[in-house]
Amino acid sequence: MGNADATEEMEEIVKARTDRREYKKIVLRNSLQSAACMSVGVGYFSDPDGLEGLAHFLMRLLPHASGKYPSEASYQNYITEQGGYTNSTVSVDFTEYHFGIKNDCFEEALDR
């Protein structure tokens, strides 16, 4: 990894048999905060004609609610209340969502 402040753990990450995505767990030596990033292979070059800006709109919309956490802004509110941060970005061919949060709140934040 090349960074003295972090170690890469070779722990098996449980995922669905059909899930072909790659995951990596990195543990910071300071043990203060955990973070996660999800990259989706769709960006604004995928916007249909006449719907320019759709990728950016969906980037803003998707983290707001889900079936399990239906209240609006549940994801953002939980992370902020636990002293964490969120951010997302859309590029030409991918969209990324990421957050950082205290270690003891990581599992629930990841679930959201």
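**Fold, pockets and selected residues of the predicted chain**

The chain contains three helices and five strands. The model is a predicted one. Read from the N terminus, the order of the elements is β-β-β-α-α-β-β-α. The chain has 112 residues, and 22% of them count as buried. Of the contacts between residues at least 6 apart in sequence, 54% join residues at least 24 apart.

Helix α2 spans residues 74–81, and its buried residues are Ser-74, Tyr-75, Tyr-78 and Ile-79. These residues lie on the same side of α2, because the arc that they cover around the axis is only 120°. The packing partners of the buried residues of α2 are β4 (85–90), β5 (95–102) and α3 (106–111). After α2 comes Gly-83, which has a positive phi near 80°.

Two residues at the start of this region were examined individually. Ala-73 belongs to the loop between α1 and α2. Its phi is near 65°, a positive value in a residue other than glycine. The relative accessible area of Ala-73 is 17%, so this residue falls under the 20% limit and is buried. Ser-74 is part of helix α2. With a relative accessible area of 10%, Ser-74 is likewise under the 20% limit and therefore counts as buried. When neighbours within four places in sequence are left aside, the contacts of Ser-74 are with His-64, Tyr-69 and Arg-112.

The largest pocket has a volume of about 1,500 Å³. Its lining is made up of 40 residues, and those nearest the centre of the pocket are Ala-36, Cys-37, Phe-99, Phe-106 and Leu-110. Two or more lining residues are contributed by each of β2 (25–28), β3 (33–40), α2, β5 and α3. Strand β3 gives the largest share of this lining, with seven residues. By class, the lining of the largest pocket consists of 20 nonpolar, nine polar and 11 charged residues.

The second largest pocket holds about 200 Å³ of space. The residues that line this pocket are Met-59, Arg-60, Pro-63, His-64, Ala-73, Tyr-75, Gln-76, Thr-86, Asn-87, Ser-88, Tyr-97 and His-98. The elements that supply two or more residues to this lining are α1 (54–61), α2, β4 and β5. The largest share, three residues, is that of β4. The lining of the second largest pocket divides into five nonpolar, six polar and one charged residues.

Not counting residues up to four places away in sequence, Tyr-97 touches Ala-36, Cys-37, Met-38, Val-40, Leu-58, Met-59, Leu-62, Pro-63, Asn-87 and Ser-88. Among these contacts, Ala-36 and Cys-37 are listed with the residues nearest the centre of the largest pocket. The C-alpha atoms of Tyr-97 and Asn-87 are separated by 6.1 Å, the two residues being 10 residues apart along the chain.

Phe-94 is situated in the loop between β4 and β5. The relative accessible area of Phe-94 is 29%, which lies between the limits of 20% and 50%, so the residue is partly exposed. With residues up to four places away in sequence not counted, Phe-94 touches Ser-39, Val-40, Gly-41, Val-42, Gly-43 and Thr-89. Phe-94 and Tyr-44 are 50 residues apart along the chain, and their C-alpha atoms are separated by 7.8 Å.

Terms used
Residues are numbered from 1 along each chain as its sequence is written. This is a predicted model: local features need pLDDT of at least 70, side-chain atom pairs count only at pLDDT 80 or more; totals for chains, interfaces and linings use all residues. Side-chain values use heavy atoms; hydrogens and water are left out. Helices (H or I, at least four residues) and strands (E, at least two) are DSSP runs, numbered from the N terminus. Buried means under 20% relative accessible area, exposed over 50%, partly exposed in between (1.4 Å probe, protein chains only). Contact means heavy atoms within 4.5 Å. The arc is that of the directions from the helix axis to the C-beta atoms. On a 1 Å grid over the protein atoms alone, a cavity is a set of points where a 1.4 Å probe fits but cannot get out, and a pocket is an open set with protein on both sides within 12 Å along at least five of seven lines; lining residues have an atom within 4 Å of a point. Grid points are joined across faces, edges and corners, and a volume is the space filled by probe spheres set on the points. Ala, Val, Leu, Ile, Met, Phe, Trp, Tyr, Cys and Pro count as nonpolar, Asp, Glu, Lys and Arg as charged, and the others, Gly among them, as polar.
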